[in-house]
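Let's read a structure together, one feature at a time.

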Amino acid sequence: MAKVALITGVTGQDGSYLSEFLLEKGYDVHGIIRRSSVDFRERIAHLEGKPHFHLHYADLGDSMSIVKVVDKVKPNEIYNLAAQSHVQVSFDSPEFTADVDATGVLRVLEAVRACHLEKTCRVYQASTSELYGKVEEVPQNENTPFHPYSPYAVAKLYGFWIVKEYREAYNMFCCSGILFNHESERRGETFVTRKITLAAARISQGLQDCLYLGNMDSLRDWGYAKDYVECMWLILQNDRPEDFVIATGVQHSVREFTQLAFKHAGIELKFEGKGIDEKGIVVKGPEKLIGKTVVAVSEDFYRPTDVVNLWGDPTKAKARLGWNPAKTSFEQLVKLMVEHDIAKVAAEGAAAKVRTNLAEYLEKGIVK
Ligand code: NAP
Ligand code: G4F
């Protein structure tokens, strides 16, 4: 009999890659989506209609909806990926973030208990390197003290501890993956990496003048989302429930990411100035861009408190799960994201051109 997995947050970056991964492993995959006036299912559109892929409506803010789905699906594994996942947004919507990212985890665990599945259903919780926040040591491993530094991180800290509590109190197989930043061509467009790769693509094609960023000194340990979903699965296949850091062990700044992304888009940048006055100026690339400022800093993207030094130590995941953190390098990640966005922007540009031409032809009566 095929194993049954339930994924919350199936429409997100990780949910879509994890669905593909589990379908390939022969799982029956069930995903939770929330109702909205427009369905945003771009990342899983290619999976809809597949015989082993099923979708259910539920919301992490609504216990009964989760209980109903868990009871119907009776999963062997739950991957709780649903969250308000944007750190900056958590400063604007702290209460909503707490409800989904903290109490939402409790609702999932309680649904497993309410359906009497605690002996048969394993639960993976999408925890985060943001727990280390105002970091107390580098690199960070499973024993590094937490110091959450945003409403998002504080909510996720509750999620981490409630999972640990249910593991000990009820003997449930539930664990947290403490994931460092992971990106891809499916990354949300307001996270810094995707914002940069899309801007590099647009600027290189003359469709954007300047990219405005916040703190460019910020350091992250960036990996590839497709590699990280394998580790989520490995955590649930382990012989005992444990928490793991998932990271590459390599650290780069936002500025380095920007420089490399523009390079892949055919633009060489030189950075001048400091803080709010810092600018990225074109020194090599398309003639009309030479000497132009294409990267600048805007206070709008500064955070009330910012996490600036994330660097993970994946030794435990490597040793205990046999996971390879070096599958996709930083350089390969940046390249694949930029190449994807160059093609995307070009296709959108071509489609817009066709629409403009068509409108013009219609106006002139050439096409009826
Ligand atoms: P994402 O792309 O933002 O996806 C979040 C998912 O959660 C979306 O499917 C979203 O649905 C869903 N969701 C939000 N609120 C919900 C609610 N009330 N009920 C049901 N579903 C809800 O995030 P991601 O990058 O894939 O990350 C997956 C998980 O890992 C998140 O929990 C995130 O906090 C955590 N994490 C991510 C990273 C990273 O670098 N990517 C690192 C560490 C931890 P809609 O499509 O309807 O919005
Ligand atoms: O890309 P970011 O928004 O990701 P952040 O805050 O690290 O959060 C992501 O990773 C976490 C894991 O550590 C996840 F838990 C979380 O769900 C999410 O996926 O920002 C990265 C850094 C920050 O220091 C930010 O201040 O980039 C800096 N930054 C500089 N300019 C910017 C910008 N971030 C964004 N989003 N937009 C900017 O213009």
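**Reading the model, from core to ligands**

Q: Which residues does Tyr-79 contact, leaving aside its neighbours within four places in sequence?

A: Contact here means heavy atoms within 4.5 Å. By that rule, Tyr-79 is in contact with Ala-5, Leu-6, Ile-7, Thr-8, Leu-18, Leu-22, Tyr-124, Met-232, Trp-233, Leu-236 and Gln-237, leaving aside its neighbours within four places in sequence. Before we go on, please note that this is a predicted model: local features need pLDDT of at least 70, side-chain atom pairs count only at pLDDT 80 or more, and totals for chains, interfaces and linings use all residues. Side-chain values use heavy atoms, with hydrogens and water left out, residues are numbered from 1 along each chain as its sequence is written, and chains are lettered from A and ligands numbered from 1 in the order in which they are written.

Q: Which residues of the largest nonpolar core touch the most other members?

A: First the general idea: in soluble globular proteins, nonpolar side chains tend to be buried together. A nonpolar core is a set of buried Ala, Val, Leu, Ile, Met, Phe, Trp, Tyr and Cys residues joined through side-chain atoms within 4.5 Å. Buried means under 20% relative accessible area, exposed over 50%, and partly exposed in between, with a 1.4 Å probe and protein chains only. Here the largest core has 63 residues, and Leu-22, Tyr-79, Tyr-124, Phe-262 and Val-295 touch the most other members. Helix 7 (residues 225–237) gives the most to this core, nine residues. There is also a second, separate core of 26 residues, which includes Val-4, Leu-60, Val-73 and Val-123.

Q: How do I read a ligand site, and which residues come nearest to ligand 2?

A: Start with the shell: a residue is near a molecule or strand if one of its heavy atoms lies within 4 Å of it. Around ligand 2 there are 25 such residues, with Thr-128, Ser-129, Tyr-152, Ser-218 and Arg-303 coming nearest. They divide into ten nonpolar, nine polar and six charged; Ala, Val, Leu, Ile, Met, Phe, Trp, Tyr, Cys and Pro count as nonpolar, Asp, Glu, Lys and Arg as charged, and the others, Gly among them, as polar.

Q: Which polar atoms lie close to oxygen atoms of ligand 2?

A: A polar contact is a pair of N or O atoms within 3.5 Å; within protein, one must be able to donate a hydrogen and the other to accept it, and residues adjacent in sequence count only if both atoms are side-chain atoms. From side chains, a polar atom of Tyr-152 lies 2.7 Å from an oxygen of ligand 2, and one of Ser-218 lies 2.6 Å from an oxygen of ligand 2. Taken alone, ligand 2 exposes 710 Å², and the protein buries 95% of that (Shrake-Rupley method, 1.4 Å probe; for residues, only the protein chains shown count as cover).

Q: What surrounds ligand 1?

A: Its shell holds 23 residues, the closest being Thr-11, Arg-34, Asp-59, Ser-85 and Tyr-152. Nine are nonpolar, nine polar and five charged. Strand 5 gives the largest share, three residues (helices, H or I with at least four residues, and strands, E with at least two, are DSSP runs numbered from the N terminus). An oxygen of ligand 1 lies 2.6 Å from an N or O atom in the Tyr-152 side chain, and one lies 2.8 Å from an N or O atom in the Lys-156 side chain. Taken alone, ligand 1 exposes 900 Å², of which the protein buries 88%.

Q: Is Ser-184 buried or exposed?

A: Ser-184 counts as buried because its relative accessibility is 0%. Its place is in the loop between strand 7 (182–183) and helix 6. The Ser-184 side chain makes a polar contact with the side chain of Gln-13 at 3.0 Å, and a polar atom of that Ser-184 side chain lies 2.8 Å from the backbone nitrogen of Arg-186.

Q: What backbone features deserve a look?

A: Most residues other than glycine have a negative phi, and most peptide bonds are trans. In this model, a cis peptide bond joins Val-138 and Pro-139, with omega about -15°. His-116 has a positive phi near 55° and is exposed, with a relative accessible area of 69%. Asn-171 also has a positive phi, about 60°, and lies in the loop between helix 5 and strand 6 (174–179).
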